[in-house]
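Reader: Please take a close look at the side-chain contacts in this model, covering charged pairs, aromatic pairs and surface charge. I would like one connected account with the computed values.

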Amino acid sequence: MSNPFEDEDARYHVLINAEEQYSLWPAFAEIPAGWSAVIENSSRQDCLDHIEETWTDMRPKSLVLNMAAAADARPAQA
């Protein structure tokens, strides 16, 4: 059996989770718990293009928020 994530002719979804991480997902497979579709039943290339254009910061959302809070907590330098 071939890898369903590499089939150029298959249909795919783009999924996102609560940490704002993205995933390419085969359209025939059930969407896993904790993920939701932002694009459904599209070409593999269209999905990959969307992920590349949208997911520009690979850090999980919780890390981004923690880093921002830590930066805000630092004393200002004169």
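Author: A residue is called exposed when its relative accessible area is over 50%, buried when it is under 20%, and partly exposed in between. The model is predicted. Glu-53 has 64% relative accessibility, so Glu-53 counts as exposed. Glu-53 belongs to helix 1, which covers residues 44-54. Together with Asp-46, Asp-49 and Glu-52, Glu-53 forms a negative surface patch.

Side chains of opposite charge can pair when their charged atoms come close. The count of salt bridges comes to 3. One of these joins the side chains of Glu-8 and Arg-44, with an N to O distance of 3.2 Å. Arg-44 is buried, because its relative accessible area is 15% and the limit for buried is under 20%.

A further salt bridge is formed by Lys-61 and Glu-20, whose closest N and O atoms are 3.7 Å apart. Lys-61 is in helix 2 and Glu-20 is in the loop between strand 1 and strand 2, so the pair ties together parts that are 41 residues apart in sequence. Both ends have intermediate accessibility: Lys-61 is partly exposed at 35%, and Glu-20 is partly exposed at 42%.

The remaining bridge is between Arg-59 and Asp-57, where the side chains meet at 2.6 Å, N to O. Arg-59 has 34% relative accessibility and so counts as partly exposed. Asp-57, at 31%, is also partly exposed.

Next come the aromatic rings. The count of aromatic pairs comes to 2. In one of them, the rings of Phe-5 and Trp-25 have centres 5.6 Å apart and planes at 70°, so the pair is edge-to-face; the cut-off for that label is an angle over 60 degrees. Phe-5 lies in the segment before strand 1 (11-17), while Trp-25 lies in strand 2 (residues 22-26), so the contact ties together parts that are 20 residues apart in sequence. Phe-5 is partly exposed, with 31% relative accessibility. Trp-25 is partly exposed as well, with a relative accessible area of 21%.

The other pair consists of Tyr-22 and Trp-55, with ring centres 5.9 Å apart and planes at 45°, so the pair is tilted. Tyr-22 is in strand 2 and Trp-55 is in the loop between helix 1 and helix 2 (61-73), and the pair links these distant parts of the chain, 33 residues apart. Tyr-22 is buried, with a relative accessible area of 16%. Trp-55 counts as buried too, at 18% relative accessibility.

Tyr-12 is found in strand 1. At 0% relative accessibility, Tyr-12 counts as buried. The C-alpha atoms of Tyr-12 and Leu-24 are separated by 6.7 Å, although these residues are 12 residues apart along the chain.

In terms of elements, strand 2 supplies Trp-25 to the pair with Phe-5 and Tyr-22 to the pair with Trp-55.

Conventions: Residues are numbered from 1 along each chain as its sequence is written. This is a predicted model: local features need pLDDT of at least 70, side-chain atom pairs count only at pLDDT 80 or more; totals for chains, interfaces and linings use all residues. Side-chain values use heavy atoms; hydrogens and water are left out. Patches are made of residues with over 30% relative accessible area and no salt bridge: like charges are joined within 9 Å, nonpolar side chains (Val, Leu, Ile, Met, Phe, Trp, Tyr) within 5 Å. Accessible areas come from the Shrake-Rupley method with a 1.4 Å probe; for residues, only the protein chains shown count as cover. A salt bridge is a side-chain nitrogen of Lys or Arg within 4 Å of a carboxyl oxygen of Asp or Glu. Lys and Arg count as positive and Asp and Glu as negative; His and the chain ends are not counted. The place of a charge is taken as NZ of Lys, CZ of Arg, CG of Asp or CD of Glu. Helices (H or I, at least four residues) and strands (E, at least two) are DSSP runs, numbered from the N terminus. Buried means under 20% relative accessible area, exposed over 50%, partly exposed in between (1.4 Å probe, protein chains only). Rings of Phe, Tyr and Trp (its six-membered ring) pair if their centres lie within 6.5 Å; planes under 30 degrees apart count as stacked, over 60 as edge-to-face and the rest as tilted.
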